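We will go from one stop to the next, selecting as we go.

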Amino acid sequence: MRTLFAVLALALSLPTAAAETDQAAAVIAMQQPNAVLIDVRTPQEVAEGTIPGSRNIGYEDIAARIAEVAPDKNTPIVLYCRSGRRSGIAQDSLRELGYKQVINGGGYLDLKTALHKD
C-alpha cells in the first residue's frame, strides 16, 4: 500500500515540477551578458508577438538545436512559451543534456511584464 501511495505521489508531482516557473530568476539571468532567451512556442504564436532578443526553437526541437545558440552547457538559458508548460518540458530536456543554468520563465505575457518592470 505504501508503494502505491509513493508511486501516486511521484506521478502527481511530475507535471508540476516540469511546469514550475520563476520569472524573478529569469529576470536576473537575463542580466548576464551571455544569457540566451528562447521562445519555445509555435511559429503561429511567435507571429502574434515575441520578447525582443529571443530565439524561436520549438520545445520538441530544443535538444537537437540547442548547440546552435548555447554550445557551452554553463550558459544561462531562459525559456518561455504561452503558459510555462512547454518551456518546462524544454527545461527538463536541456537539464538531461547537462545544461546547468536553465530557467523556465513561464508564459510570454508574464515574462514580458517581469522583464519590463522598472
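Predicted model: local features only at pLDDT ≥ 70, side-chain atom pairs only at ≥ 80, totals over all residues.

Four strands make up an open sheet, ordered 2-1-3-4, and their pairing is parallel. Select strand 2 and strand 4 (102–107): these two stand at the edges with a single partner strand each, so one side of each has no neighbour in the sheet.

## Stop two: strand 1

Next, select residues 36–39, which are strand 1. In a regular strand, side chains alternate between the two faces of the sheet. Show the side chains here: V36 and I38 lie on one side, L37 and D39 on the other. Are these four buried or exposed? They are all buried, and both faces of the strand are covered.

Now look to the partners of strand 1. Two bridges pair it in the parallel sense with strand 2 (residues 55–56), and there you will find I38 opposite R55. Strand 3 (residues 77–81) also runs parallel to strand 1, joined to it by four bridges. For a landmark on that side, select D39 and Y80, which stand opposite each other.

## Stop three: strand 3 to strand 4

Move along to strand 4. Four bridges join strand 3 to strand 4, again in parallel.

## Stop four: the aromatic pair

How many aromatic pairs does the structure hold? There is one. Select Y80 and Y108 to see it: the rings are stacked, 6.1 Å centre to centre, with 25° between the planes. The pair links distant parts of the chain, as Y80 belongs to strand 3 and Y108 to helix 6 (residues 108–115), 28 residues apart.

Y80 counts as buried because its relative accessibility is 0%. Y108 has 11% relative accessibility, and therefore counts as buried too, since the cut-off is under 20%.

Before you leave Y108, select R41. What sits over the ring of Y108? The charged end of R41 does, 4.5 Å from the ring centre.

Notes:
Residues numbered from 1 in each chain as written. Heavy atoms only, no water. Buried < 20%, exposed > 50% of the residue type's maximum accessible area, 1.4 Å probe, protein only. Pairing = 2+ DSSP bridges. Phe/Tyr/Trp six-rings, centres within 6.5 Å; stacked < 30°, edge-to-face > 60°. Lys NZ or Arg CZ within 6 Å of the ring centre and 35° of its normal.
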